[in-house]
Amino acid sequence: MNSWINLDALWKIIVVGVLVGAGLPALFAIGVRALNPPARTDSAAATPPAAGPIGYLVAAVCFAVVLAAIGWGVSVIVSHR
């Protein structure tokens, strides 16, 4: 191990950074997409498609995880003196 670089800490920082930096926005995007399903091309109806109960459940779970991660991050920052 190099005395200047702690490789054990470095890989942990990279993993958490990728999860939080790309994972949470991707999870939020999945939630938004679950609320707005793609329109059917075979239908000539003027009404947009509804999300349905499964879409609302998926969106609620995604948004709850994102909010929990934000709350946890704020609590970690506030708890350090």
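This is a predicted model: local features need pLDDT of at least 70, side-chain atom pairs count only at pLDDT 80 or more; totals for chains, interfaces and linings use all residues.
A search of the whole structure finds one aromatic pair. The rings belong to Phe-28 and Phe-63, with centres 5.3 Å apart and planes at 45 degrees, so the pair is tilted. Phe-28 sits in helix H1 and Phe-63 in helix H2, so the pair ties together parts that are 35 residues apart in sequence. As to accessibility, Phe-28 is partly exposed at a relative accessible area of 44%, and Phe-63 also counts as partly exposed, at 23%.

Let me now turn to the overall picture. The protein chain contains two helices and zero strands. Of its 81 residues, 10% count as buried. The chain exposes about 6,700 Å², and carbon and sulfur atoms supply 74% of that area.

H2 covers residues 52-79, which amounts to 28 residues. From its first C-alpha to its last, H2 reaches 40 Å, close to the 40 Å expected at 1.5 Å a residue. Which residues of H2 are buried? They are Gly-55, Ala-59, Cys-62 and Val-66. These buried residues pack against H1.

Val-66 illustrates that packing. This residue of helix H2 has a relative accessibility of 11% and is counted as buried, because the cut-off for buried is under 20%. Leaving out residues up to four places away in sequence, Val-66 touches Leu-24, Leu-27 and Phe-28. The C-alpha atoms of Val-66 and Phe-28 are separated by 6.8 Å, although the two residues are 38 apart along the chain. Phe-28 is thus a contact of Val-66 as well as a member of the aromatic pair.

On the side of H1, I would draw attention to Ile-30, which lies in that helix. Is Ile-30 buried or partly exposed? With a relative accessible area of 46%, Ile-30 is partly exposed. Setting aside its neighbours within four places in sequence, Ile-30 is in contact with Val-58 and Cys-62. Cys-62 is one of the buried residues of H2.

Next, the charged side chains. How many salt bridges does a search of the whole structure find? The search finds one. Lys-12 forms this salt bridge with Asp-8, and the closest N and O atoms are 3.5 Å apart. Both residues lie in helix H1, four residues apart, or about one turn of the helix. An α-helix has 3.6 residues a turn, so residues three or four places apart point the same way. Lys-12 counts as partly exposed at 43% relative accessibility, and Asp-8 is likewise partly exposed, with a relative accessible area of 39%.

Finally, the nonpolar surface. Trp-4, Ile-5, Leu-7, Leu-10, Ile-14 and Val-18 make a nonpolar surface patch of about 670 Å². Leu-7, one of these residues, is found in helix H1, which spans residues 7-35. Leu-7 is exposed, since its relative accessible area is 52% and the cut-off for exposed is over 50%.

To summarise, the model has two helices, and the buried residues of H2 pack against H1.

Note on methods
Residues are numbered from 1 along each chain as its sequence is written. Side-chain values use heavy atoms; hydrogens and water are left out. Patches are made of residues with over 30% relative accessible area and no salt bridge: like charges are joined within 9 Å, nonpolar side chains (Val, Leu, Ile, Met, Phe, Trp, Tyr) within 5 Å. Accessible areas come from the Shrake-Rupley method with a 1.4 Å probe; for residues, only the protein chains shown count as cover. A salt bridge is a side-chain nitrogen of Lys or Arg within 4 Å of a carboxyl oxygen of Asp or Glu. Buried means under 20% relative accessible area, exposed over 50%, partly exposed in between (1.4 Å probe, protein chains only). The expected span of a helix is 1.5 Å times one less than its number of residues. Contact means heavy atoms within 4.5 Å. Rings of Phe, Tyr and Trp (its six-membered ring) pair if their centres lie within 6.5 Å; planes under 30 degrees apart count as stacked, over 60 as edge-to-face and the rest as tilted.
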